[in-house]
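This report goes through one structure part by part. Please look at the sequence and the model first.

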Amino acid sequence: MSNVIQLDALTKDYLTDAGAVPVLKGVSLAVNQGEFVAIMGPSGSGKSTLMNILGCLDIPSGGRYLLNDTDIGTLAESELARLRGQVIGFVFQGFNLLPRMSLGNNVALPLVYQHIGKPERLTRATDMLEKVGLGHLVNSLPTRISGGQQQRVAIARALVTRPSLILADEPTGNLDSHTGREIMELFQRINREQSITIVLVTHDMTVARYAQRLVYLKDGLLAYDGPMSDFHGVEA
Ligand code: ADP
Ligand code: MG
C-alpha cells in the first residue's frame with residue numbers, strides 16, 4: 001500500500017503582532033490509501049491548521065508534506081489548485097452549499113472547473129446524489145432540505161471529482177447526534193466501498209469511533225496515533 005499522506009516533522013507558526021506563534025510543533029504522520037482516520041484534540045490544539053495544510057489551503061512553516069508521493073513544497077500555486085480541485089474533496093461543518101443553485105448544480109460545480117461538459121456534469125452529479133440517497137432531490141434547492149440532507153449533498157459534491165482523499169473538518173458539528181451518526185455511516189460506507197482515504201476532525205468520541213485509526217493532537221504534537229480500539233484517553 002502506498003501513502004496518500006506523509007508528514008515529516010511538520011511545523012506551522014502563525015505570524016501575529018506578538019511574533020511567531022507555534023501551532024504545529026513537529027507532526028510526523030503517514031496515512032495509507034484506504035485508511036479512515038479521525039483527528040481529535042482540545043479546542044485550539046491545531047486540528048484545523050493541520051487540515052488546512054493537508055488540503056493545500058495553507059503551507060507549512062517547516063518539515064515536509066508529501067501528497068501521493070509529491071512534495072507539495074515544490075509545487076507552484078497552479079499545481080496546488082489542481083490538487084485541491086481533483087485529488088482532494090472537502091467537507092466542512094457549515095455544508096457551504098450555494099443557496100440559489102439546485103442540489104444537482106451544487107454537486108456538479110467542481111466539474112465546471114475541470115471543463116467537463118454540462119451533460120456529463122449533470123449525469124455524474126445525479127449519480128453522486130443517488131449514492132448519498134438524495135437522487136430524487138436533484139432539482140431542489142438547499143434551503144428546502146434538512147441539515148443532514150445538506151451535509152449529504154456536500155459529501156456528494158466532495159466525491160464528484162473522484163478524489164483520492166476526503167478531508168472533513170467537524171462535519172457533524174452542526175447536526176444532532178442521530179443525524180451525525182447517519183453521516184458517519186455514510187463516510188464509513190464510502191471508505192469501505194470505494195477505498196477512498198478519509199481524514200476527519202471531530203471533538204466527539206462517538207463520531208470518531210467510526211474511523212479505524214485515531215490521531216490525537218495536543219499542544220501541536222501527536223499525543224496518540226494508533227488503532228481506535230486501543231485508545232484509552234491521553235494524560236491531561
Ligand atoms: P483547532 O481546530 O484544534 O481548534 P486551530 O488549528 O483552529 O485549532 O487553531 C490552533 C491555534 O492557532 C489557536 O490558538 C488559534 O487561535 C491559532 N490560529 C488559528 N488560525 C490562526 C491565524 N490565521 N492566525 C493566527 N493564529 C491562528
Ligand atoms: Mg478547528
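Strand 9 (residues 213–218) and strand 10 run antiparallel and are joined by six bridges. Within this pair, Val 215 has Asp 225 of strand 10 as its bridge partner. Helices (H or I, at least four residues) and strands (E, at least two) are DSSP runs, numbered from the N terminus. Two strands count as paired if DSSP finds at least two bridges between them. The model is predicted: local features need pLDDT of at least 70, side-chain atom pairs count only at pLDDT 80 or more, and totals for chains, interfaces and linings use all residues. Residues are numbered from 1 along each chain as its sequence is written, while chains are lettered from A and ligands numbered from 1 in the order in which they are written.

The pair belongs to an open sheet of six strands in the order 6-7-8-3-9-10, with mixed pairing. Strand 6 (88–92) and strand 10 (221–227) are its edge strands, each pairing on one side only. On average, neighbouring strands of this sheet are turned by 15° against each other, direction ignored. Helix 5 (residues 147–159) lies across strand 6 and strand 7 (165–169), and runs at about 165° to strand 6. Axes are lines fitted to C-alpha atoms, for helices over the stretch in contact, and angles run from 0 to 180 degrees between N-to-C directions.

A second open sheet has four strands in the order 2-1-4-5, with antiparallel pairing. Its edge strands are strand 2 and strand 5 (70–71), and each pairs on one side only. Strand 1 and strand 2 form a hairpin with two residues between them. They pair in the antiparallel sense over 11 bridges, and Leu 10 stands opposite Val 27 in strand 2.

Strand 4 (residues 62–67) and strand 5 also run antiparallel, joined by two bridges. Here Leu 67 has Thr 70 in strand 5 as its bridge partner.

Which elements supply at least two residues each to the shell around ligand 1? They are strand 1 (3–16), strand 2 (19–32) and helix 1 (47–54). Helix 1 gives the most, with three residues. The residues around ligand 1 include Tyr 14, Val 23, Gly 41, Lys 47 and Thr 49; a residue is counted as near if its C-beta atom, placed from the backbone, lies within 6 Å.

By type, the shell divides into three nonpolar, eight polar and one charged residue. Ala, Val, Leu, Ile, Met, Phe, Trp, Tyr, Cys and Pro count as nonpolar, Asp, Glu, Lys and Arg as charged, and the others, Gly among them, as polar.

## The nonpolar core

The largest nonpolar core has 65 residues, and Ile 39, Val 107, Leu 129, Ala 156 and Leu 167 have the most contacts inside it. Helix 5 gives the most to this core, with six residues. Such a core is a set of buried Ala, Val, Leu, Ile, Met, Phe, Trp, Tyr and Cys residues joined through C-beta atoms within 7 Å.

Beyond neighbours within four places in sequence, Ala 156 is in contact with Val 107, Met 128, Leu 129, Lys 131 and Val 132. Contact means that the C-beta atoms of two residues, placed from the backbone, lie within 7 Å.

## Gly 34

Gly 34 lies in the loop between strand 2 and strand 3 (36–40). Gly 34 counts as partly exposed because it has 16 C-beta neighbours inside 10 Å; a residue is buried with 20 or more other C-beta atoms within 10 Å of its own, exposed with 12 or fewer, and partly exposed in between, with C-beta atoms placed from the backbone. Gly 34 and Ile 196 are 5.1 Å apart in space, C-alpha to C-alpha, and 162 residues apart in sequence.
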